[in-house]
Amino acid sequence: MLPEKLREIVELFESFSEEERRESLIAYAEQSKQYEPLEEEAFDLQDIRKDEECADSVGLHLKVKEDRRVYFKIKLGPHVQTLTRAMASLLCEGLNGSLLEEVLELPQEFIKRIVGGELYRVRSQTVYYILTRMKGICRVCKSRCAVG
Amino acid sequence: MSVVEYEMSAKFKQYAHPEVIVDTDWVDAHKGDPKVRIIESNEDVLLYGIGHISGAVHIDWRRDLQDDVVRDYINPERFAKLCGKNGIGPDTLCVFYGDKSNWWACYTLWVFQLFGHKQIAIMDGGRDKWLAEGRLVVKEAASPEKTIYPVPSKRLDKEIRSFFEETLVFSERKKQLVDVRSVGEYKGEITHMPEYPQEGVLRGGHVPHAIHCPWSRAANTDKTFKSYDELKQLYEGELALNVKDETIVYCRIGERSSHTWFVLTYLLGFKKVRNYDGSWTEWGNRVGVPIEKG
């Protein structure tokens with residue numbers, strides 16, 4: 001079961017032709033700066049790193065409200081690929097406001113429904129990168145809450 | 001390349017085939033020339049949509065050049081259709097550029113050569129240099145007038161492409177065989193480039209007797225090719241390759257080796273260079289095939 005906003009995005013992408021799908025991914029990629037953290041913004045948890053398998057640094061910033069709803073901001077290095085940029089915006093839009101547990105329990109098959117078979121074949125692992133990092137920071141957050 | 005008439009730089013004049021390389025100034029001046037088609041080919045297949053040189057068409061290495069069901073390139077009929085759709089005629093000068101130091105631009109140029117298209121050139125420095133110079137890019141996809149491109153009679157696989165069996169012979173006979181991947185890939189410590197998911201190959205290492213020279217040693221930090229003297233010193237001096245002997249180059253899937261193929265063939269004038277596009281994803285996965293590590 002996908003959170004409502006993410007489900008809408010997935011269904012929209014499924015209705016697209018390949019060309020429309022690419023155009024929409026590019027549009028999402030170009031919006032990625034909207035999801036960058038502001039300088040003065042405070043977060044509950046931050047995970048900024050450059051992994052071996054990624055072309056540049058990706059910083060995840062997480063706020064968890066008292067009702068356990070999560071809000072992500074993501075800062076991407078200049079060399080991050082367009083598809084990864086698109087996934088960052090799209091997942092912020094689709095998941096912000098979801099419950100922490102909803103993010104942790106997300107099945108990853110919806111990614112392929114967004115990206116489509118053609119692009120998925122080109123970068124079958126890269127497309128999961130941002131979601132994996134989001135789940136990772138949520139997992140850390142959950143375990144810290146449990147300890148606390 | 002008869003349509004190119006300009007004051008060529010001293011750097012280009014030294015290359016064995018200076019007619020196959022142009023600079024960003026030349027492209028800026030000729031981007032509307034009807035005899036010229038600018039072609040962008042990238043690893044990041046969505047990058048063209050973010051912005052590209054005005055009038056440039058996009059050729060996607062996977063969607064446009066690869067067969068859908070066989071690990072092979074498109075056939076001559078599909079190549080003719082691809083050219084026709086992009087307004088390319090048999091005499092059109094195709095100028096390729098792209099991201100990643102022109103890996104995919106060289107790869108697409110190499111595929112065009114497989115079909116015998118003779119009018120070809122690379123824009124030195126590729127997409128990064130164009131952007132670094134603050135030159136204009138547009139978002140609107142080019143829609144050139146369609147042409148009818150004659151179906152090539154054959155693909156020149158024997159001339160510029162190497163298959164597994166031929167590469168095996170080069171390995172066994174210790175002929176000129178160059179692995180252009182990163183140090184870690186050659187040694188067998190990783191199975192894909194650094195900064196990429198480590199996927200797709202079961203074993204790490206290199207083809208026995210392949211010498212190692214990462215593609216990047218042929219490039220400057222601004223993504224342009226090194227000078228003739230620097231390249232000659234590297235390949236003929238340090239690596240002791242003989243310009244008259246046949247050479248096979250390979251990487252992981254054939255794009256980085258296309259860069260080296262271009263350097264050896266056109267910039268240094270090696271007589272016969274073939275690209276083993278099956279590369280490590282074939283050799284490293286193949287049952288019963290020896291590899292070397294370290």
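This is a predicted model: local features need pLDDT of at least 70, side-chain atom pairs count only at pLDDT 80 or more; totals for chains, interfaces and linings use all residues.

On the α5(B) side the contact is made by B:Trp103, B:Trp104, B:Cys106, B:Tyr107, B:Leu109 and B:Trp110. On the α11(B) side the residues are B:Glu255, B:Arg256, B:Ser258, B:His259, B:Trp261 and B:Phe262. Sorted by class, the contact of α5(B) with α11(B) has eight nonpolar, two polar and two charged residues.

The domain assignment divides chain B into domain 1 (10-156) and domain 2 (161-283). The C-alpha centres of domain 1 of chain B and domain 2 of chain B are 22 Å apart. Their contact takes 22 residues from domain 1 of chain B and 20 residues from domain 2 of chain B. Three helices of chain B, α1 (10-14), α5 (103-114) and α6 (126-132), each supply at least two residues of the side of domain 1 that touches domain 2. The largest share of that side, seven residues, comes from α5(B). By class, the residues of this side of domain 1 of chain B are 12 nonpolar, six polar and four charged.

## The sheet of chain B

Chain B holds an open sheet of four strands in the order β7-β6-β8-β9, with parallel pairing. Its edge strands are β7 (211-212) and β9 (273-276) of chain B, and each of them pairs on one side only. Within the sheet, strand β6 (residues 176-179) of chain B runs parallel to strand β8 (residues 247-250) of chain B, and four bridges join the two. B:Asp179 stands opposite B:Tyr250 in β8(B). Helix α11 (residues 255-267) of chain B packs on this sheet and touches β6, β8 and β9 of chain B. The direction of α11(B) makes about 180° with that of β9(B).

## Helices of chain A

Two packed helices are described by the angle between their axes and the distance between the axes. Helix α2 (residues 18-30) of chain A packs against helix α3 (residues 82-95) of chain A at an angle of about 75°, with the axes 7 Å apart. α2(A) and α3(A) are therefore roughly perpendicular to each other. From α2(A) the contact uses A:Leu25, A:Ile26, A:Tyr28 and A:Ala29. From α3(A) it uses A:Thr82, A:Leu83, A:Arg85, A:Ala86, A:Ser89 and A:Leu90. The classes in the contact of α2(A) with α3(A) are seven nonpolar, two polar and one charged.

How do α1(A) and α3(A) cross, and at roughly what angle? The axes of helix α1 (residues 4-14) of chain A and α3(A) come within 6 Å and cross at roughly 135°. That makes α1(A) oblique to α3(A). In this contact A:Lys5, A:Leu6 and A:Ile9 of α1(A) meet A:Leu90, A:Glu93, A:Gly94 and A:Leu95 of α3(A). The contact of α1(A) with α3(A) has four nonpolar, one polar and two charged residues.

## The sheet of chain A

Chain A has an open sheet of three strands, ordered β1-β2-β3, with antiparallel pairing. β1 (45-49) and β3 (70-76) of chain A stand at the edges with a single partner strand each, so one side of each is left without a neighbour in the sheet. Neighbouring strands of this sheet are turned by 10° against each other on average, direction ignored. β1(A) pairs with strand β2 (residues 58-64) of chain A in the antiparallel sense over five bridges. A:Ile48 stands opposite A:Gly59 in β2(A).

## The chains as a whole

Chain A follows the pattern α-α-β-β-β-α-α-α-α along its sequence. The radius of gyration of chain A is close to the value that the globule rule gives for 148 residues, so chain A is as compact as a globular protein of that length. For chain B the rule is applied to 294 residues, and the radius of gyration is again close to the value it gives, so chain B is as compact as a globular protein of that length.

| Chain | Helices and strands | Radius of gyration | Globule rule | Box of C-alpha atoms |
|---|---|---|---|---|
| Chain A | six helices, three strands | 15 Å | 15 Å | roughly 50 × 35 × 25 Å |

Methods: Residues are numbered from 1 along each chain as its sequence is written. Chains are lettered from A and ligands numbered from 1 in the order in which they are written. Axes are lines fitted to C-alpha atoms, for helices over the stretch in contact, and angles run from 0 to 180 degrees between N-to-C directions. Angles under 35 degrees count as roughly parallel, over 145 as roughly antiparallel, 65 to 115 as roughly perpendicular and the rest as oblique. Two residues are in contact if their C-beta atoms, placed from the backbone, lie within 7 Å. Ala, Val, Leu, Ile, Met, Phe, Trp, Tyr, Cys and Pro count as nonpolar, Asp, Glu, Lys and Arg as charged, and the others, Gly among them, as polar. Domain bounds come from an automatic or database domain assignment. Two strands pair if DSSP finds at least two bridges between them. The radius of gyration is taken over C-alpha atoms; the globule rule is 2.2 Å times the number of residues to the power 0.38.
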